[in-house]
Amino acid sequence: AEIRVATSLALQVELSQIWNMEDEREASIVYRILALEIGNRPMFVLHELSHINSHIFADPTKGALHPVVSTEIDRSLSLFHHTLGRSERILRTPIYTPYTKFTSRFLYFWCSALPLAMYPLLGPIGTTP
């Protein structure tokens, strides 16, 4: 819980440099992004960006962008959604236990053998026993 609060505070400082916190609309967007009850913050940020695109950039009464540009922004956001979903699926996939054991043993052997490989280059002073 403390890490989430610290992350939100650090993110608030970073976003306050980008967004105008004096403007009520922009401050409400930032506070929605920083809410602690959000489960998946990257997905929520993409949702907010698509909401901004559909309600501000595509709205003709608010000086909308050209429809082709707004459609391309929406297409890019959809691609980001798709890519984020794929990476979340990779992140949530468990790793087979023998692979984990093999990797840890290999890295132990590699780190143990490094001083032996570096001895001809650095001598006894540059390598640890």
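**Helix packing and aromatic pairs in the predicted model**

T127 is buried, with a relative accessible area of 13%, a value that falls under the 20% limit for this class. The structure described here is a predicted model. In this model, T127 is located in the segment that follows α5. When neighbours within four places in sequence are set aside, the contacts of T127 are with P115, M118, Y119 and L122. The separation between T127 and P42 was also computed: the two residues stand 85 residues apart along the chain, and their C-alpha atoms are separated by 44 Å.

Helix α5 spans residues 97-126. The structure as a whole holds three aromatic pairs. One of them is formed by F102 and F106, whose rings are stacked, with 6.2 Å centre to centre and 20 degrees between the planes. F102 and F106 are separated by about one helical turn, because they lie four residues apart in helix α5. F106 and W110 are both situated in helix α5, with a spacing of four residues, or about one turn of the helix. Through these ring pairs, F102, F106 and W110 are linked into a cluster.

Two helix pairs were examined for packing geometry. Two packed helices are described by the angle between their axes and the distance between the axes. For α3 and helix α4, the latter comprising residues 67-92, the axes come within 10 Å and cross at roughly 170 degrees. The two helices, α3 and α4, are therefore roughly antiparallel to each other, since angles over 145 degrees are classed in this way. The crossing in which α3 passes α4 is left-handed. By residue class, the contact of α3 with α4 divides into nine nonpolar, five polar and one charged.

H47 has its place in helix α3 and is partly exposed, with a relative accessible area of 45%. Between H47 and E72, which are 25 residues apart along the chain, the C-alpha atoms are separated by 16 Å.

The crossing of α2 past α3 is right-handed, whereas that of α3 past α4 is left-handed. In the contact between α2 and α3, I29, R32 and I33 of α2 meet R41, F44, V45, E48 and I52 of α3. The residues of this contact comprise five nonpolar, no polar and three charged.

The loop between α2 and α3 contains I38. At 11% relative accessibility, I38 counts as buried. Apart from neighbours within four places in sequence, I38 is in contact with R4, R32, I33 and F44. Among these partners, R32 and I33 belong to the α2 side of the contact between α2 and α3, and F44 to the α3 side.

Note on methods:
Residues are numbered from 1 along each chain as its sequence is written. This is a predicted model: local features need pLDDT of at least 70, side-chain atom pairs count only at pLDDT 80 or more; totals for chains, interfaces and linings use all residues. Side-chain values use heavy atoms; hydrogens and water are left out. A crossing is left-handed if the near helix is turned anticlockwise from the far one by less than a right angle, and right-handed if clockwise. Contact means heavy atoms within 4.5 Å. Ala, Val, Leu, Ile, Met, Phe, Trp, Tyr, Cys and Pro count as nonpolar, Asp, Glu, Lys and Arg as charged, and the others, Gly among them, as polar. Rings of Phe, Tyr and Trp (its six-membered ring) pair if their centres lie within 6.5 Å; planes under 30 degrees apart count as stacked, over 60 as edge-to-face and the rest as tilted. Axes are lines fitted to C-alpha atoms, for helices over the stretch in contact, and angles run from 0 to 180 degrees between N-to-C directions. Angles under 35 degrees count as roughly parallel, over 145 as roughly antiparallel, 65 to 115 as roughly perpendicular and the rest as oblique. Buried means under 20% relative accessible area, exposed over 50%, partly exposed in between (1.4 Å probe, protein chains only).
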